[in-house]
Amino acid sequence: MNTENDPRKVIEVINPADGSTIGTVSAGTASDIGAAVDDASGALAKWSPLLPRERGKKLFNAAAAIRKDKDRLASLLTSEQGKPLAESKNEIMGCANVLEYYASISGSITGEALPKSDYGYSFTIKKPLGVCGAIIPWNMPALIMAWKTGPALVAGNALIVKPATSTPLTCMEMASVIHGAGVPEEILRVIPGSGDEVGNAIAAHPEIRAVSFTGSTETGKLVEKAACGTGKHLTLELGGSDPMIVCDDADISAAAAGAVAGRFYNCGQTCTAVKRLYVFESVADEFMRVLEPAVAGIKIGNGLSPGVRMGPMSSSTGRERIEEIIDYVRNSGDGGITRGGRIPEGAEYEKGFFYEPTIIAGVSGESRLMKEEVFGPVLPVSIVSGMNEAIESANSTKYGLGASVWTRNIGRATRAAEEIDAGIVWINRHLKIPPEVPFGGEKASGSGRENGIYAPERYMTEKTVIVSP
């Protein structure tokens with residue numbers, strides 16, 4: 001976006017690997033949201049009456065265009081967010097996959113015919129809500145934008161998207177590609193800006209019928225408060241502190257690899273990352289012998305550099321929070337740092353927001369590391385006596401987003417799936433969320449679900465028609 005002659009506030013987009021400015025965008029205002037709602041309302045007259053399959057075709061075209069443009073989009077994503085290029089390409093391809101999925105199920109959006117009763121024949125019609133809103137986080141901007149865009153558009157709505165101020169460029173480029181595939185600009189609008197201004201305006205606008213928010217629990221409460229009284233549908237995917245349980249019958253090598261990928265992917269800045277690790281006492285030593293060298297082998301650096309497996313944190317503020325956590329560990333004696341725990345040294349790290357992948361062993365169950373959401377490359381490890389203690393510990397926080405259990409015992413796996421308070425429980429893996437499965441949290445991790453075959457229905461209303469003889 002050209003901001004040279006725009007009098008509004010300019011948002012500088014910073015490369016977290018070196019602190020350089022890679023672009024600027026004009027910050028939106030509440031007035032921009034109002035204008036976008038008006039434009040979208042007018043455009044819905046042509047968009048909503050389309051057959052769902054016709055809208056789906058445009059998403060298919062968008063997915064194909066995104067795949068074709070994946071290298072450019074991935075490079076941009078790495079430059080503004082910091083993750084390694086391989087992770088960015090995976091996210092961009094995941095975005096295309098999500099849009100394809102919703103295109104593929106578009107023909108299943110149907111009403112329901114009811115049996116004849118004393119009242120007559122009845123049937124239901126599913127109709128789009130109208131103008132909807134989405135608030136996107138900075139950690140997975142392309143993928144999470146697709147999670148919200150796919151079902152909203154295929155259901156026949158317009159969508160106004162607010163990206164994070166630190167990562168607006170990828171979302172804006174994704175929208176441009178989708179527009180090129182046939183989705184009108186008025187139907188999908190990306191408006192960058194602050195949460196106080198643009199985010200609040202989306203949540204509070206009385207004509208925006210639904211809002212899907214992904215972000216911290218604290219910000220989610222503000223969105224919920226701003227939306228109060230408007231009658232809009234809310235989907236809130238909030239913070240998480242996902243436990244990972246390693247049982248004494250687990251494949252130790254696979255579990256250690258899962259812990260490394262689940263914790264240090266995206267520099268640990270993923271909602272469903274492994275944030276608490278509980279290992280059965282009888283296999284703890286063996287597990288740590290495998291885990292330690294695997295973490296030591298993670299190459300840190302600029303995400304655009306070959307061979308880098310972990311980029312910088314996305315912001316200086318995020319790194320400062322990690323440093324504060326490490327200071328707590330050192331001062332309290334609650335656990336011992338066995339790997340990492342510092343900013344890496346060297347010229348290539350001086351200007352970026354890098355932090356070493358860190359393991360903290362011997363953490364107590366009551367530690368703040370096991371109660372709070374630690375959003376960065378720090379893995380606290382606690383030893384438990386068995387499954388009873390593991391499940392009790394897993395449920396001992398206010399969060400309930402995801403969890404994983406590593407075991408060869410189907411009984412243990414089933415018990416964990418039933419008893420752990422979480423929206424998703426993986427068995428012998430962690431982190432992967434295909435678009436076909438519902439995703440969301442319990443407790444302070446949010447309400448509502450995204451993904452899956454019923455996701456478009458969260459953007460629709462149902463009308464009942466009764467035909468009397």
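Hi everyone, let's start at the largest pocket: 49 residues line it, and Trp138, Gly215, Ser216, Thr219 and Arg321 are the ones nearest its centre. By pocket I mean an open set of points on a 1 Å grid over the protein atoms alone, where a 1.4 Å probe fits and protein lies on both sides within 12 Å along at least five of seven lines; lining residues have an atom within 4 Å of a point. Its volume is about 1400 Å³, taken as the space filled by probe spheres set on the points, with grid points joined across faces, edges and corners.

A quick word on the source: this is a predicted model, where local features need pLDDT of at least 70 and side-chain atom pairs count only at pLDDT 80 or more, while totals for chains, interfaces and linings use all residues. Residues are numbered from 1 along each chain as its sequence is written, and side-chain values use heavy atoms, leaving out hydrogens and water.

Which element gives the largest share of the pocket lining? That is helix 11, with seven residues. Helices (H or I, at least four residues) and strands (E, at least two) are DSSP runs, numbered from the N terminus.

Helix 8 (217–227) also gives two or more residues to that lining. In helix 8, Thr217, Gly220, Val223, Ala226 and Ala227 are buried, meaning under 20% relative accessible area with a 1.4 Å probe, protein chains only. Their cover includes helix 7 and strand 8, as well as strand 9 (233–237). Just past helix 8, Gly229 has a positive phi of about 90 degrees.

Last, the cores. A nonpolar core is a set of buried Ala, Val, Leu, Ile, Met, Phe, Trp, Tyr and Cys residues joined through side-chain atoms within 4.5 Å. The largest has 88 residues, and Ile33, Ile66 and Ile160 touch the most other members. Helix 5 (residues 141–154) supplies the largest share of this core, nine residues. Another core, of 55 residues, lies apart from it, with Ala17, Val274, Met288 and Ile359 among them.

How values were computed:
Buried means under 20% relative accessible area, exposed over 50%, partly exposed in between (1.4 Å probe, protein chains only). Contact means heavy atoms within 4.5 Å.
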